[in-house]
Amino acid sequence: MRIHLSVACYVFFFGVRMGLSRGELACLGVTVGVVMSAEAMNTAVEKLCDFAENRRNPHIRVIKDIAAGAVLLTALAAVAVGLFTFLRPALWEAVLEICHTPALLVPFLLFAILDLVFIFAGPLRMAGWFSEKKKR
């Protein structure tokens with residue numbers, strides 16, 4: 001879910017930066033919503049399966065795989081929507097503008113670093129880091 005959330009932020013950032021129409025942004029919003037909903041449903045199915053059977057069960061594994069496959073399918077569909085929407089010269093113009101403007105590049109890189117920490121460490125671990133520093 002953290003990866004989907006991070007990618008959604010970049011999608012909307014570049015969508016606004018490229019000047020996409022309201023209809024295109026709405027299409028991206030629906031696509032992001034579908035992927036996030038599929039991820040939430042996958043999590044719910046996994047938690048329900050874990051609650052119902054706390055031992056290894058091949059039938060439960062198949063159910064979890066099917067739910068994860070649904071997320072993969074929605075993510076692949078979202079990639080297709082993104083490719084149709086973003087593959088145009090305006091994307092490359094936006095990227096080059098960010099790369100050639102230090103006032104845009106520095107915050108973008110800082111956000112990218114924070115984003116990687118968010119993805120790999122997660123919000124709970126990050127909150128733990130800050131609470132440990134306050135105790136010292």
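By class, the lining of the second largest pocket holds two nonpolar, two polar and six charged residues. Start the tour there. Remember as you go that this is a predicted model.

**Stop 1: the second largest pocket.** Select D50, E53, N54, R55, R56, N57, P58, I60, R61 and K64. These residues line the second largest pocket. Its volume is about 170 Å³. Which helix gives the largest share of this lining? Helix 3 does, with four residues. Colour the lining by class, and look for the six charged residues.

**Stop 2: the largest pocket.** Now select V7, V11, A78, V79 and G82. Of the 17 residues that line the largest pocket, these lie nearest its centre. The space inside is about 390 Å³. How is such space found? Rolling a probe the size of a water molecule over the atoms shows where empty space is left.

Next, colour three helices: helix 1 (2–17), helix 2 (22–52) and helix 3 (58–86). Each supplies at least two residues of the lining of the largest pocket. Which one gives the most? Helix 3 does, with six residues. Now check the classes in this lining. There are 14 nonpolar residues, three polar ones and no charged ones. Compare that with Stop 1, where the lining of the second largest pocket has six charged residues.

**Stop 3: helix 1 and helix 3.** Keep helix 1 and helix 3 in view. Their axes come within 12 Å and cross at roughly 15 degrees. Angles under 35 degrees count as roughly parallel, so helix 1 is roughly parallel to helix 3. The crossing of helix 1 past helix 3 is left-handed. Show the side chains where they meet. On helix 1, pick H4, V11, F14 and G15. On helix 3, pick V71, A75 and F86. This contact has five nonpolar residues, two polar ones and no charged ones. V11 is also one of the residues nearest the centre of the largest pocket.

**Stop 4: helix 1 and helix 4.** Select F13, F14 and R17 on helix 1. Then select L91, A94, V95, E97 and I98 on helix 4. Together they make the contact. Its residues divide into six nonpolar, no polar and two charged. F14 belongs to the contact with helix 3 too.

**Stop 5: helix 2 and helix 3.** Finish by showing helix 2 beside helix 3. Their axes are 9 Å apart, and the packing angle is about 170 degrees. How do the two helices run, roughly parallel or roughly antiparallel? Angles over 145 degrees count as roughly antiparallel, so helix 2 and helix 3 are roughly antiparallel to each other. Colour this contact by class: 16 residues are nonpolar, four are polar and five are charged.

Notes:
Residues are numbered from 1 along each chain as its sequence is written. This is a predicted model: local features need pLDDT of at least 70, side-chain atom pairs count only at pLDDT 80 or more; totals for chains, interfaces and linings use all residues. Side-chain values use heavy atoms; hydrogens and water are left out. On a 1 Å grid over the protein atoms alone, a cavity is a set of points where a 1.4 Å probe fits but cannot get out, and a pocket is an open set with protein on both sides within 12 Å along at least five of seven lines; lining residues have an atom within 4 Å of a point. Grid points are joined across faces, edges and corners, and a volume is the space filled by probe spheres set on the points. Ala, Val, Leu, Ile, Met, Phe, Trp, Tyr, Cys and Pro count as nonpolar, Asp, Glu, Lys and Arg as charged, and the others, Gly among them, as polar. Axes are lines fitted to C-alpha atoms, for helices over the stretch in contact, and angles run from 0 to 180 degrees between N-to-C directions. Angles under 35 degrees count as roughly parallel, over 145 as roughly antiparallel, 65 to 115 as roughly perpendicular and the rest as oblique. A crossing is left-handed if the near helix is turned anticlockwise from the far one by less than a right angle, and right-handed if clockwise. Contact means heavy atoms within 4.5 Å.
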